[in-house]
Amino acid sequence: MKIGELAKLTGCSVQSIRHYEKEKLLASQRRSDGNFRLYDSATVDQLKFIKHCRSLDLSLAEIRQLIALNQQPGIGCDDVNRMVDSHIEQVALRINELQDLQNKLMTLRNSCSNQSTVKECGILQTLSVTRK
């Protein structure tokens with residue numbers, strides 16, 4: 001199949017597919033007589049794997065590592081577990097950072113009532129104060 005068909009079948013954009021090829025997450029494809037890339041069902045599976053990894057916010061480097069590990073089915077999965085554990089820690093850290101940001105925004109929002117004018121707006125006044 002051509003790249004457009006692959007994109008429709010997997011829900012990935014053509015640009016993403018090309019990017020994954022450039023990043024060597026997808027193997028180079030054979031070409032038709034008209035120099036179009038041709039893809040097979042293995043590429044569909046690989047692209048779905050990549051897309052699922054991206055939905056978990058795994059980086060391209062992490063996905064590359066998982067692909068390499070997946071090609072060695074006889075080894076233990078300690079490396080996979082360590083990578084996912086590390087990713088879980090990163091997500092927990094980001095959640096804490098986002099909760100802190102939410103608290104700061106809620107405090108900021110509470111500094112202004114709906115009856116204020118822009119001149120009296122506590123949010124704008126707070127944002128205008130230089131922080132050290």
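The legends below describe close-up views of a predicted model. Local features need pLDDT of at least 70 and side-chain atom pairs count only at pLDDT 80 or more, while totals for chains, interfaces and linings use all residues. Residues are numbered from 1 along each chain as its sequence is written, and side-chain values use heavy atoms, with hydrogens and water left out.

**View 1. Packing of helix H1 (residues 3-10) on helix H3 (residues 41-55).** Helices (H or I, at least four residues) and strands (E, at least two) are DSSP runs, numbered from the N terminus. The axes of H1 and H3 are 10 Å apart, and the two helices pack at an angle of about 50°. H1 is therefore oblique to H3. Axes are lines fitted to C-alpha atoms, for helices over the stretch in contact, and angles run from 0 to 180 degrees between N-to-C directions. Angles under 35 degrees count as roughly parallel, over 145 as roughly antiparallel, 65 to 115 as roughly perpendicular and the rest as oblique. H1 contributes Leu 6, Leu 9 and Thr 10, which meet Thr 43, Val 44, Leu 47, Lys 48 and Lys 51 of H3; contact means heavy atoms within 4.5 Å. Four residues of this H1-H3 contact are nonpolar, two are polar and two are charged. Here Ala, Val, Leu, Ile, Met, Phe, Trp, Tyr, Cys and Pro count as nonpolar, Asp, Glu, Lys and Arg as charged, and the others, Gly among them, as polar.

**View 2. The largest nonpolar core.** This core has 19 residues, and those with the most contacts inside it are Ile 17, Tyr 20, Leu 25, Leu 47, Ile 50 and Ile 63. Two or more residues each come from H1, helix H2 (14-22), H3 and helix H4 (60-70). A nonpolar core is a set of buried Ala, Val, Leu, Ile, Met, Phe, Trp, Tyr and Cys residues joined through side-chain atoms within 4.5 Å. Buried means under 20% relative accessible area, exposed over 50%, partly exposed in between (1.4 Å probe, protein chains only). Beyond its neighbours within four places in sequence, Leu 25 is in contact with Tyr 20, Gln 46, Ile 50, Leu 60, Ile 63, Arg 64 and Ile 67.

**View 3. Helix H4 and its contact with helix H5 (residues 78-109).** The axes of H4 and H5 come within 10 Å and cross at roughly 160°. H4 is therefore roughly antiparallel to H5. Glu 62, Gln 65, Leu 66 and Leu 69 of H4 make the contact with Asp 79, Val 80, Met 83, His 87 and Gln 90 of H5. By class, the residues of the H4-H5 contact are four nonpolar, three polar and two charged. Leu 60, Glu 62, Ile 63, Leu 66, Ile 67 and Leu 69 of H4 are buried, and the buried residues of H4 pack against H2, H3 and H5.

**View 4. Leu 58 and Asp 57 in the loop between H3 and H4.** Leu 58 is buried, with a relative accessible area of 6%. Not counting residues up to four places away in sequence, Leu 58 touches Cys 53, Ile 63, Leu 66, Met 83 and His 87. Leu 58 and Met 83 are 25 residues apart in sequence and 9.8 Å apart in space, C-alpha to C-alpha. Asp 57 is partly exposed, with a relative accessible area of 35%, and has a positive phi near 65° although Asp 57 is a residue other than glycine.

**View 5. Lys 24 in the loop between H2 and strand E1 (30-31).** Lys 24 is not a glycine, yet has a positive phi of about 65°. Lys 24 is exposed, with a relative accessible area of 69%.
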